[in-house]
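Try each task before you read its solution.

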Amino acid sequence: MWDPGRYESGFSFVWKHGAGLIDLLNPQAGEVVLDLGCGTGQFSAELAGRGVAVIGLDNAPAMLAQGRINYPKLKFILADAAKFELPGQVDAVISNAALHWIPDAGAVLECVRRALKPGGRFVAEFGGKGNIEAILEAVTAVVPGAVNSWFFPSLGEYATLLEAHGFRVTHAFHFDRPTQLEGERGIHDWLEMFGSDLLRTVHASERSAVLGRIAERLRPKLFRDGTWFADYVRLRIAACI
């Protein structure tokens, strides 16, 4: 599913918008931090630049392979965010733009709680309720039966889930973040990179035409000043145990 080269060349906003998340974590030099859903490692490298020991975890072999090329001094492990175990506990877990890919949020939180030292912190940002609503409406209008497999919880839903798994929520923010995409084909490229499940029933020979129809539906809402925007709505959460 994941194309590391395409991801790095056209979707740098994924890790660039996460800088504030690192500030929220406020990592201290010498701490050990798990980057959950690390992709090709840019976010892990930002953390390492703050003087912490970083472990990058992802379930996409191709993305991790690129991360190891990009940052050979960093530690990366291949694992499922809903099933992982670490050899030792960490001071903090951080996750940027990853948790909406994992429907079993309770299993993720159980793994995170086990991974943390007593008093450890968990900071995450991901798609919240209302995320890409316009995109989903356009896709389902053009592709009947398209399946949305993402997890976009409300703030209350996710805070309740955190508390049920032994966390104390210290910060919770649900906000709109329209995100600029690159180029005239921005929405096409976004759908091809992130929307493969939505387009699963579309035959390859029809893909271009279908993407064109989706784009025309979205143009009045998401294309302005010569560029495309994705209608992102995010949850930013901080919690501790």
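**Exercise 1.** How do the axes of H6 and H8 cross, and within what distance do they come?

*Solution.* Some ground rules to begin with: this is a predicted model, where local features need pLDDT of at least 70, side-chain atom pairs count only at pLDDT 80 or more, and totals for chains, interfaces and linings use all residues. Residues are numbered from 1 along each chain as its sequence is written, and side-chain values use heavy atoms, with hydrogens and water left out.

Step 1: Helices (H or I, at least four residues) and strands (E, at least two) are DSSP runs numbered from the N terminus.

Step 2: look at the axes, which are lines fitted to C-alpha atoms (for helices, over the stretch in contact), with angles from 0 to 180 degrees between N-to-C directions. Those of H6 and H8 come within 10 Å and cross at roughly 45°.

Step 3: name the geometry. That angle makes H6 oblique to H8; under 35 degrees counts as roughly parallel, over 145 as roughly antiparallel, 65 to 115 as roughly perpendicular, and the rest as oblique. The crossing is right-handed, meaning the near helix is turned clockwise from the far one by less than a right angle.

Step 4: list the contact (heavy atoms within 4.5 Å). Ala105, Gly106 and Leu109 of H6 meet Tyr158, Leu161 and Leu162 of H8. By class, that gives five nonpolar residues, one polar and no charged. Here Ala, Val, Leu, Ile, Met, Phe, Trp, Tyr, Cys and Pro count as nonpolar, Asp, Glu, Lys and Arg as charged, and the others, Gly among them, as polar.

**Exercise 2.** Work out the strand order of the seven-stranded sheet, and find its edges.

*Solution.* Step 1: trace the order. The sheet is open, reads E3-E2-E1-E4-E5-E10-E6, and has mixed pairing; two strands pair if DSSP finds at least two bridges between them.

Step 1: find the edges. E3 (75-78) and E6 (168-176) each have a single partner strand, so one side of each has no neighbour in the sheet.

Step 2: zoom in on one pair. E6 and E10 (residues 233-240) run antiparallel over eight bridges, and histidine 171 sits opposite alanine 238 in E10.

Step 3: H6 (residues 105-115) lies across E1, E4 and E5, at about 145° to E5. H8 (residues 155-164) lies across E5, E6 and E10, at about 160° to E6.

**Exercise 3.** Which strands stand at the edges of the three-stranded sheet?

*Solution.* Step 1: read the order, which is E7-E9-E8, open and antiparallel.

Step 1: pick the ends. E7 (179-180) and E8 (223-224) each have a single partner strand, so one side of each is left without a neighbour.

Step 2: check a pairing. Two bridges join E8 to E9 (residues 227-230), and phenylalanine 223 has tryptophan 228 in E9 as its bridge partner.
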